[in-house]
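Hello,

Here is the structure I promised to pass on. Please open it first, then read my notes below.

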Amino acid sequence: MQFLLFLLGTIVGSFLCLIADRLPKHQSILYPGSHCTFCGQPLRPQELIPVLSIILQDFRCAHCQHKLSLRYLFCEVFTGCLFVLFLPELSWKNGWLLFWLLSSYVLAMIDYDTFLVEGRILIFSGCSLIIGALFLGWPLHWTYPLIMIAGFYLLQKLLPNSMGSGDLWIIALWSLFLQIDELLIVLIIASGSGILFYALQRLREKVLVEIPFVPFLFFALLVLLLLKKA
Ligand SMILES: [Zn+2]
């Protein structure tokens, strides 16, 4: 059962990578089918096996031999692990939590690539999560987003441009579903890991003009949800 879940997760992970690749370029996520982004050749069935294909092809396109990013393999394995961890049994609650993580993961990948919070994913996932939470009968903290927005404008006064407004909308959305202490944990872990990343990059003498914050928010959410599960 766990192996099947992992397998399903790797297939979904492959699709999440495709979404993260195509949406910022305003390409359809359904058409055309999977193809090499370098030579445009459609992928044959044997090139579409999650995890295995990319390893057997030595991380190269089978047609043009262009090097393929490790990210595809990581994304498939990571999503497979999320399926195993967060779907110990099939329930609406577990499905909801997994959807929260996966949609945030796509937002994180796109922010990492483009420094932008993808509005269509945010709106789609936000509406789905709110409807799902109402369906599950969970109390939503409607005042927290307002507090977050007020806090954001205060932060902008003190430290201008320290946080993008896209990040604010993600935090405001998440605050609907979190207790205040959980929200604080997410903000502390995200800021702490972001600062650590910045410091490490400075030590490696890399010049950073901007840091994508959503990957750190996603990391913090994952840590919080894992802690809650433990
Ligand atoms: Zn190719």
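The radius of gyration here is taken over C-alpha atoms, and the globule rule is 2.2 Å times the number of residues to the power 0.38. Keep in mind that this is a predicted model. For 230 residues, the rule puts a compact globule near 17 Å. The chain has 19 Å, so the two agree. Along the principal axes, the C-alpha atoms fill a box of roughly 55 × 45 × 30 Å.

Next, the fold. How many helices and strands does the chain have? There are 9 helices and 0 strands. From the N terminus on, the order reads α-α-α-α-α-α-α-α-α.

Now the packing. Buried residues account for 24% of the 230 in the chain. Take the contacts between residues at least 6 apart in sequence: 64% of them join residues at least 24 apart.

- UniProt places "domain: Prepilin peptidase A24 N-terminal" at residues 7-86. That span is 48% helix and 0% strand. Its end C-alpha atoms lie 14 Å apart.
- UniProt lists "transmembrane region" for residues 70-88, 95-115, 121-138, 183-200 and 207-227.
- Residues 95-115 are 95% helix and 0% strand, with end C-alpha atoms 28 Å apart.
- Residues 207-227 are 67% helix and 0% strand. Here the end C-alpha atoms lie 34 Å apart.

Best wishes

Terms used. Residues are numbered from 1 along each chain as its sequence is written. This is a predicted model: local features need pLDDT of at least 70, side-chain atom pairs count only at pLDDT 80 or more; totals for chains, interfaces and linings use all residues. UniProt positions are given in the numbering used here, feature names are shortened, and annotations may be inferred rather than shown by experiment. Helices (H or I, at least four residues) and strands (E, at least two) are DSSP runs, numbered from the N terminus. A residue is buried if 20 or more other C-beta atoms lie within 10 Å of its own, exposed if 12 or fewer, and partly exposed in between; C-beta atoms are placed from the backbone. Two residues are in contact if their C-beta atoms, placed from the backbone, lie within 7 Å.
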